[in-house]
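Biologist: Please show me the chain and its coordinates. I would like to go through its overall build and its aromatic residues.

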Amino acid sequence: MKTTAAFGMLCLFLVGGSALPQEGKAGLRIYWIDVEGGAATLVVTPEGGTLLMDCGWPGPRDAERIAKTLHAAGAQKIDFYLTSHYHTDHWGSIAELAALVPIEQYYFHPFPDASAKDVDPKLKETLLSLSQGKAVVVAPGTEVPLRGAKVKILSSNGRVLNEADGAPQVRKCEANPEHPAKPEDTSDNARSVGFLLSAGDFKFLDLGDLTWNVEHKLVCPVNLIGTVDVFQVSHHGLDQSNSPALLRAASPTVAIMNNGARKGGSPATYKWLKETPGLREIFQVHRNVATTPDDNTAPELTANDGDPCEGHGIVLTVDPSGRTYTVEVPSKKTRKTFDVKK
Ligand SMILES: [Zn+2]
């Protein structure tokens, strides 16, 4: 992040100030904090509840961005920290974050056995030590008791709702015979924790980096998700995830992609999103600098254009009436309001 402290404070003022309605009670807010190709999604409820899904890369940068966003939102602690999975771009800054902000409870999926090569043993030790006495190992169906919203885990450890332990990753589904399975994904992406957040009629889906085969089990033969208002594009927009089958089933109105300047944002994913019936707008944390303008959303819907960037985020506020929500790109002074689905 190449920015001065003063500029950073200005950004925070804009993010915090613009997220809060002028009068009355603030609605539920969701912040996509720029962690440059990782993930850090913060939910702050009107009742003061806080949930953070993922905390970006190791080092102070992302932890500081998260802490600043949390404080600008008027919160002092994280009630629930949820790790989607054990890749460094998702839980990298946990030690630095816990040193900056109190974290009350840690939610995560079971650790894979020690042979898994994509889980950093040092980060594992750190998480286990920080979460002693405050850990909840989640399974599909677990609910996170966030004040002011219902948060239900839909996928965890390769399983989806209503599946027994040891269920295979690829399951034939007669209802959608044309959906091609991919080779089995043995990485921790396939074990991502995914949740559906509901606040009144408003629904937000975040599946972490969940990949193709497991996401298909969420929608075939039965759509276990239902339809949603807002979808955090999975896996930074990579096309190993975000199958058209998933997108059509969840049928989001708004998609928000937490890609990096050179990570995620696959042209195929962008095309599938554009082709999703009912999808009105795609927001990106970064322009993908390696692809064409046709493979990226409009500049006013993109928080960061360049590489290096200034670490701008995206913020969503549900109106206190629960009938509309507004997505803002403060760096572009863009605000777009959408109706909550009934
Ligand atoms: Zn990732």
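Biologist: What radius of gyration does the protein chain have, and what would a compact globule have?

Modeller: This is a predicted model. Its C-alpha trace spans about 55 × 45 × 40 Å along the principal axes. For 342 residues, a compact globule would have a radius of gyration near 20 Å, and the chain agrees with that at 18 Å.

Biologist: How many helices and strands are there in the protein chain, and what share of its residues is buried?

Modeller: The chain holds eight helices and 18 strands. Among contacts with a separation of 6 or more, 67% join residues 24 or more positions apart. Of the 342 residues, the buried share is 56%.

Biologist: Which residues have the most contacts inside the largest nonpolar core?

Modeller: In soluble globular proteins, nonpolar side chains tend to be buried together. Here the largest nonpolar core has 36 residues.

Biologist: Are the planes of Y81 and Y106 stacked or edge-to-face?

Modeller: The structure holds 12 aromatic pairs. In this one the ring centres are 6.1 Å apart and the planes stand at 75 degrees; planes over 60 degrees apart count as edge-to-face, so the pair is edge-to-face.

Biologist: Why does the pair of Y81 and Y106 tie together parts that are apart in sequence?

Modeller: Y81 lies in strand β4, residues 78-82, whereas Y106 lies in strand β5, residues 103-108. Both Y81 and Y106 are buried.

Biologist: What kind of aromatic pair do Y86 and W91 form, and which cluster holds them?

Modeller: Their rings are 4.8 Å apart, centre to centre, with 55 degrees between the planes, and the pair is tilted. Y86 counts as buried because its relative accessibility is 1%, and W91 counts as buried at 0%. The aromatic cluster that holds them consists of Y86, W91, F108 and F111.

Biologist: Which residue lies over the face of W212?

Modeller: A Lys counts as sitting over a ring if its NZ is within 6 Å of the ring centre and within 35 degrees of the ring normal. At 4.3 Å from the ring centre of W212, the residue over its face is K182.

Conventions. Residues numbered from 1 in each chain as written. Predicted model: local features only at pLDDT ≥ 70, side-chain atom pairs only at ≥ 80, totals over all residues. Heavy atoms only, no water. Phe/Tyr/Trp six-rings, centres within 6.5 Å; stacked < 30°, edge-to-face > 60°. Helix = DSSP H or I, 4+ residues; strand = E, 2+ residues; numbered from the N terminus. Buried < 20%, exposed > 50% of the residue type's maximum accessible area, 1.4 Å probe, protein only. Rg over C-alpha atoms; globule rule 2.2 N^0.38 Å. Contact = heavy atoms within 4.5 Å. Core = buried A, V, L, I, M, F, W, Y, C linked by side-chain atoms within 4.5 Å.
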